[in-house]
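Welcome! Take a moment with the sequence and the model, and then let us walk through them together.

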Amino acid sequence: MLLAIMRLIFPVFLLVTAAAGALIYGGEPAAWLGNGDVGGKPFDTGFLALPLILFIVQLTNRRYGAGYAFTQVLAGVAVVIAAALYAGDDLTLLRGAPLPASRLLLAFGSGLLVAQLFSIVVFDRLRGPQWWQAPFFASLFGGVALALVAYPAAYLGTGADWLVPMMTYMGVTIAASIVLLAPYWLLRGMIAPLPGFGGY
């Protein structure tokens with residue numbers, strides 16, 4: 001039990017740091033992507049950081065397996081909720097802007113949770129000699145799941161035009177799935193799977 005906790009301290013720290021970064025930089029528009037989000041605005045930089053969260057979970061999955069990755073996600077959610085409850089004012093200060101509306105936070109938080117769990121299952125099923133398949137499809141399907149859950153939950157019934165931005169964000173996640181293969185390949189030697197995972 002103690003070994004399992006020790007193994008998860010750093011992965012959970014990385015996951016929470018990435019989630020905090022996504023929230024803090026969510027107020028920064030990624031104008032270089034053009035006006036593609038709801039309301040004809042640029043995507044928030046925080047949205048672009050969400051694929052990095054899936055990437056961190058994949059590294060844990062690669063090293064320790066799906067069980068540890070599930071635990072990492074659940075522990076990360078618990079820490080993020082606690083931080084939101086007890087350090088909301090500090091997050092607002094770091095962000096330099098008010099936090100998003102509750103519906104938006106819940107929608108994208110739920111979408112991200114579903115995406116991470118979906119990504120874990122896909123990665124675990126596809127890990128094997130073709131090293132790129134597990135991280136690519138885990139990021140791809142996780143990102144699509146995020147968009148399909150988050151955008152309707154956030155905007156359905158509001159009258160906002162969210163369908164095209166949702167499809168645009170799916171395109172962003174597809175691009176991220178390809179780009180993140182490079183750091184995954186570079187980290188393969190340093191983050192080798194434990195025995196029992198086939199060395200992939």
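Contact, a word used throughout this report, means heavy atoms within 4.5 Å. Ala-30 sits in the loop between α1 and α2, where helices (H or I, at least four residues) are DSSP runs numbered from the N terminus. Ala-30 counts as buried because its relative accessible area is 1%; buried means under 20% relative accessible area, exposed over 50%, and partly exposed in between (1.4 Å probe, protein chains only).

Two notes on reading the values. This is a predicted model, in which local features need pLDDT of at least 70 and side-chain atom pairs count only at pLDDT 80 or more, while totals for chains, interfaces and linings use all residues. Residues are numbered from 1 along each chain as its sequence is written, and side-chain values use heavy atoms, with hydrogens and water left out.

**Two helix pairs**

Helix α1 (residues 2-24) packs with helix α2 (residues 45-64) at an angle of about 170°, and their axes are 8 Å apart. Axes here are lines fitted to C-alpha atoms, for helices over the stretch in contact, and angles run from 0 to 180 degrees between N-to-C directions. On the α1 side, the contact includes Arg-7, Pro-11, Leu-14 and Leu-15, and on the α2 side Gly-46, Ala-49, Leu-50 and Ile-53 are among the residues involved. By class, the contact of α1 with α2 has 12 nonpolar, 2 polar and 1 charged residues. In this count Ala, Val, Leu, Ile, Met, Phe, Trp, Tyr, Cys and Pro are nonpolar, Asp, Glu, Lys and Arg are charged, and the others, Gly among them, are polar.

Next come α3 and α5, whose axes come within 10 Å and cross at roughly 170°. That makes α3 roughly antiparallel to α5. From α3, Ala-66, Ala-69, Phe-70, Val-73 and Val-77 meet Leu-113, Gln-116, Leu-117, Ile-120, Val-121 and Asp-124 of α5. The contact of α3 with α5 divides into 9 nonpolar, 1 polar and 1 charged residues.

The 25 residues of α5 should span 36 Å at 1.5 Å a residue, and its end C-alpha atoms are 36 Å apart, which agrees. The expected span is 1.5 Å times one less than the number of residues in the helix. Helix α6 (residues 133-155) has 23 residues and reaches 33 Å from its first C-alpha to its last, close to the 33 Å expected. After α6 comes Gly-157, with a positive phi near 85°.

Which helices do the buried residues of α5 pack against? They pack against α1, α2, α3, α6 and α8 (181-187). Among these buried residues are Ala-107, Phe-108, Gly-111 and Leu-112.

A nonpolar core is a set of buried Ala, Val, Leu, Ile, Met, Phe, Trp, Tyr and Cys residues joined through side-chain atoms within 4.5 Å. The largest one has 30 residues, and Phe-47, Leu-50, Phe-108, Leu-146, Tyr-151 and Tyr-169 have the most contacts inside it. The elements giving two or more residues to this core are α1, α2, α3 (66-86), α5 (102-126), α6 and α7 (163-179). Leaving aside neighbours within four places in sequence, Phe-108 is in contact with Phe-47, Leu-146, Ala-150, Tyr-151 and Ala-154. A second, separate core of 8 residues includes Phe-55, Val-122, Phe-123 and Tyr-184.

| Residue | Relative accessibility | State |
|---|---|---|
| Leu-106 | 60% | exposed |
| Arg-127 | 14% | buried |
| Thr-173 | 3% | buried |

Leu-106 lies in helix α5. Between Leu-106 and Ala-22 there are 14 Å in space, C-alpha to C-alpha, although they are 84 residues apart in sequence.

Arg-127 is found in the loop between α5 and α6. Not counting residues up to four places away in sequence, Arg-127 touches Asn-61, Arg-62, Gly-65, Ala-134, Pro-193, Phe-197 and Tyr-200.

Thr-173 belongs to helix α7. With residues up to four places away in sequence set aside, Thr-173 touches Gly-143 and Val-144.

Definitions and conventions
Angles under 35 degrees count as roughly parallel, over 145 as roughly antiparallel, 65 to 115 as roughly perpendicular and the rest as oblique.
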